Protein chains: 2
Amino acid sequence: MSNRRNAVHEILRQSEGFRSAQDVYAEMRAEGAKIGLTTVYRALQTLVDSGQVDVLRTDDGESVYRACASVHHHHHLVCRRCGRTVEVAGPAVERWAEAVGTEHGFTEITHTVEVFGTCSACSAAKAG
Amino acid sequence: MSNRRNAVHEILRQSEGFRSAQDVYAEMRAEGAKIGLTTVYRALQTLVDSGQVDVLRTDDGESVYRACASVHHHHHLVCRRCGRTVEVAGPAVERWAEAVGTEHGFTEITHTVEVFGTCSACSAAKAG
DNA sequence: GCGTAAATGAAAACGGTTGTCAAAATCGGC
DNA sequence: GCCGATTTTGACAACCGTTTTCATTTACGC
């Protein structure tokens, strides 16, 4: 369909990690592409909807996108002091959530898990 | 010091889950408290900085806050259609969260878990 | 009571995101 | 190729949660 959307997808493919919409937009403009910010957002949204792109929110509320979504479900371990975040997998939690839901007659079960703690660096700083 | 800050903290203490700043503000105003939105934000930020409150971002970019030492700890299984909520205990999850945190050198580990699903009544209604 | 410093809050600024709407590109039939 | 209908596009404004500004109020020590 639109080669704009493919162009956006291509930028993400060429990128290593997560990129923000504004970032993608800036790069495309820098490359000389005639594209509007609105279209970048729309393309990203479409890609997310069709499962071709992962999206998550940074701590300061910006959405960041990444291509090649192996729908790899994970949770976050967040330091409550410095905000450092570690992605963690939790097969035990997945199974537990599913079991708890089923046990109560619920279907189409999803879940969110956030683990908070004080990371080693911060607990050292705090102690000192 | 400021009883405004304590008031904000108190609202969070009386709350079960995460609340948004605007939500806290609305409740305080509804209770007749003379407080500004700015002060609520400032109080929340201070509480977060001092480690008395957890904060995270929702999917739509809003910051939500929760008082740290939750008294009786349990999780919620929520029907995404009718909102019916079941309190569930999850020793497996508690252990998992603790283990995951420790594994990454984190201490003072807390966690939040929300399980969503469609309850039996609603999935029946939906099917029909 | 008086002075200083901290706290407060109304309003404006900010920034990322989303909506609006007219223009441009594309499609389908001929 | 031509023409109308549909889709895509993008400049701009609107939106909304959050942060900053700054003048006022309050708390505290004397």
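Student: Taking it that two strands pair if DSSP finds at least two bridges between them, how many bridges join β1(A) to strand β3 of chain A?

Tutor: Two bridges join β1(A) to β3(A), residues 63-67, and the two strands run antiparallel. Strands here are DSSP runs of E with at least two residues, helices are runs of H or I with at least four, and both are numbered from the N terminus. This is a predicted model, in which local features need pLDDT of at least 70 and side-chain atom pairs count only at pLDDT 80 or more, while totals for chains, interfaces and linings use all residues. Residues are numbered from 1 along each chain as its sequence is written, chains are lettered from A and ligands numbered from 1 in the order in which they are written, and side-chain values use heavy atoms, with hydrogens and water left out.

Student: Which residue in β3(A) does A:Arg19 stand opposite?

Tutor: A:Arg19 stands opposite A:Tyr65. Helix α1 of chain A, residues 3-14, packs on the sheet and touches β1, β2 and β3 of chain A, where a contact means heavy atoms within 4.5 Å. The direction of α1(A) makes about 80 degrees with that of β3(A), angles running from 0 to 180 degrees between N-to-C directions, with axes fitted to C-alpha atoms and, for helices, over the stretch in contact.

Student: What's the strand order of that open sheet in chain A?

Tutor: The order is β1-β3-β2, three strands with antiparallel pairing. Strands β1 (19-20) and β2 (53-57) of chain A stand at the edges with a single partner strand each, so one side of each has no neighbour in the sheet.

Student: And the whole of chain A, what pattern does it follow along the sequence?

Tutor: The pattern reads α-β-α-α-β-β-β-β-α-β-α, with five helices and six strands.

Student: At what angle do α2 and α3 of chain A pack?

Tutor: Helix α2(A), residues 21-30, and helix α3(A), residues 37-49, pack at about 125 degrees with their axes 9 Å apart. The residues making this contact include A:Val24, A:Tyr25 and A:Met28 of α2(A), together with A:Val40, A:Tyr41 and A:Leu44 of α3(A).

Student: Switching topic, is A:Asp59 buried or exposed?

Tutor: A:Asp59 is exposed, at a relative accessible area of 53%, and sits in the loop between β2 and β3 of chain A. Buried means under 20% relative accessible area, exposed over 50%, and partly exposed in between, with a 1.4 Å probe and protein chains only. A:Asp59 and A:Thr85, 26 residues apart in sequence, have their C-alpha atoms 9.4 Å apart.

Student: Over in chain B, how many residues of strand β3 are buried?

Tutor: Five of the five residues in β3(B), 63-67, are buried, so the strand is largely enclosed by the rest of the structure. Both faces are covered, with B:Ser63, B:Tyr65 and B:Ala67 on one side and B:Val64 and B:Arg66 on the other.

Student: Which partners does β3(B) have?

Tutor: Strand β1(B), residues 19-20, pairs with β3(B) in the antiparallel sense over two bridges, and B:Ser20 stands opposite B:Val64. Strand β2(B), residues 53-57, pairs with β3(B) in the antiparallel sense over five bridges, with B:Arg57 opposite B:Ser63.

Student: In the hairpin of β2(B) and β3(B), what phi does B:Gly61 take?

Tutor: B:Gly61 takes a positive phi near 85 degrees, in a hairpin with five residues between the strands. B:Glu108, a residue other than glycine, also has a positive phi, near 50 degrees. B:Glu108 lies in strand β6 of chain B, residues 107-118, and is partly exposed at 45% relative accessible area.

Definitions and conventions
Pairing = 2+ DSSP bridges.
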